[in-house]
Structures are given as C-alpha cells and as structure tokens.
Amino acid sequence: NSYVGGAVIVQQRGEKLEMLRANEEFFHVMHTTREEYTPFMLDVWRRFPPEAQKAYNDMLNQAASGAADASCEICSYPIGHEEGDWTRNRAKLLAAIDGSAIFYISVENITAEKKAMKELNRLYNLVPCGIIDFAINGNEVGAVNYNDTVWKMFGCHKRSEFSGLKTLDTGALVHPEDICKIKRAAEHVIRYHSSATEECRLKRMNGA
C-alpha cells in the first residue's frame, strides 16, 4: 500500500490469470471496492472484453520476454457503474517457473484522458479543413492524431488506410523535396514557441 498509484501482482498459468495481491489504491483507481472486485480475482480475464484480453496478454508476453516497456491501454467491463474504465497498464516480470509467471502491474486510470481525446476528435471533425498533430522526437517526426478531413484529402477510402502513413521522413505524406520546409517550420515553433506557416506539396494515395 506504500506504492504510488494502483498496483497488482498477477500470476499467469497457461490460459488462467489470477490476481494474487492488489493495493488499496488499485480499487480507488478502478472506482470499486475490494469486496466488489474479489469475485474477479481468481479469473481476471472476466474483467476484459476480447480485444482487451488480447492487448493485456500481449503485454504479459512482452514482459515475460524481458521487455522493459511492456504496456497496454485497455477498457474493462464496468463494476458498480454504467461505463467501463480505461486504464494504462505497465508490466514487469517478477518470477517464472514450471509454466507459471508472476508479474507486477502498475495501473493508471486514463478514462478522463480518453474522453477528452474523443471530444477533441469530435471538434476536429467539425473543422472544415485538415488537421494533423505531429510528435517530434529527435529526428523522428510522426503523425499521432488527425481528423477525418485529412484522410479524405489524401484520397484514402477509410481512416485505417491513412493510419499506416506514420512518418514524414519516408516521404509518405509530404513530397520529399518539401520535407525540409515542414522541419523548418517545426524548428521555428519549438525554438520561439510561436506559429509558423509553410506551403508544401502533399502526396495523395494514388501518387498525385
């Protein structure tokens, strides 16, 4: 209970996932009580929809293989209220023997964050122009969010077609000769904490 934030210890044996320990903050994070949650501790999978089970299991597999950043964001079934909770989970392998593995999991409730992003996306789609959010990490520049106008502008038939175009550096979004303009604008914004304007050629899915 001295740990900051929600924390649990789970044991995975084959297809079974059991919660061995949970601190009091975990139940606060999940908007429930120890008593309400107890029926699920012997079978944690009952808490998650199928897609969440897969994401959680992938996280455990990554942690078991030694990954230092094994994590997932999932939505669990509701307990005691109408909506399920979105959580960001990070896993660390504590021990493994004879087909059984024990993990430490930190749990952060991100429901409010997800709702805010959903509302932001709704507002984005009301704007009659394309909007793309880019994250810049050193030399890596990637699209992290965008409205529906963008993927339609690029000639995509659905959002998932555009989601595969991750970085500017590949020239997938911007004409290779114009990438320097985007980077120059970004450098200006970062250095002076202001806005910048550039004109550049964007590449449609059909190559135009």
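What is the volume of the largest cavity? About 130 Å³.

1. Basis. This is a predicted model, in which local features need pLDDT of at least 70, side-chain atom pairs count only at pLDDT 80 or more, and totals for chains, interfaces and linings use all residues. Residues are numbered from 1 along each chain as its sequence is written, and side-chain values use heavy atoms, with hydrogens and water left out.

2. The cavity. The structure holds 1 cavity of 30 Å³ or more. Closest to the centre of the largest cavity, among its 15 lining residues, are Phe26, Tyr37, Phe48, Tyr56 and Asn89. S1 and S4 are the elements that give two or more residues to this lining. (A cavity is a set of points on a 1 Å grid over the protein atoms alone where a 1.4 Å probe fits but cannot get out; lining residues have an atom within 4 Å of a point. Grid points are joined across faces, edges and corners, and the volume is the space filled by probe spheres set on the points.)

3. The lining of the largest cavity divides into 11 nonpolar, 3 polar and 1 charged. Here Ala, Val, Leu, Ile, Met, Phe, Trp, Tyr, Cys and Pro count as nonpolar, Asp, Glu, Lys and Arg as charged, and the others, Gly among them, as polar.

4. Strand pairing. S1 (residues 6-13) pairs with S5 (residues 100-109) in the antiparallel sense, over 8 bridges. In this pair, isoleucine 9 stands opposite tyrosine 104 in S5. S4 and S5 also run antiparallel, joined by 10 bridges. Leucine 93 faces phenylalanine 103 in S5. (Strands, E, at least two residues, and helices, H or I, at least four, are DSSP runs numbered from the N terminus; two strands pair if DSSP finds at least two bridges between them.)

5. The hairpin. S4 and S5 form a hairpin with 2 residues between them. Aspartate 98, in the turn, has a positive phi of about 50 degrees.

6. Arginine 88. This residue sits in strand S4 (residues 86-97). Is arginine 88 buried or exposed? Buried, because its relative accessible area is 14%. (Buried means under 20%, exposed over 50%, partly exposed in between, with a 1.4 Å probe and protein chains only.) The arginine 88 side chain makes a polar contact of 3.0 Å with that of glutamate 73 and one of 2.9 Å with that of glutamate 113. (A polar contact is a pair of N or O atoms within 3.5 Å; within protein, one must be able to donate a hydrogen and the other to accept it, and residues adjacent in sequence count only if both atoms are side-chain atoms.)

7. Glutamate 18. Strand S2 (residues 16-22) holds this residue. Glutamate 18 counts as buried because its relative accessibility is 15%. Its side chain has a polar contact of 3.2 Å with that of arginine 13. Beyond neighbours within four places in sequence, glutamate 18 has contacts (heavy atoms within 4.5 Å) that include Ile9, Met41 and Val44.

8. Two histidines. Most residues other than glycine have a negative phi. Histidine 31 has a positive phi near 55 degrees, in the loop between helix H1 (24-29) and helix H2 (34-37). At 49% relative accessible area, histidine 31 is partly exposed. Histidine 193 also has a positive phi, near 55 degrees, in the segment after helix H7 (179-192). Histidine 193 is exposed, at 74%.

Key
1 Å grid on protein atoms, 1.4 Å probe; cavity = no way out; pocket = protein on both sides within 12 Å on 5 of 7 lines; lining within 4 Å.
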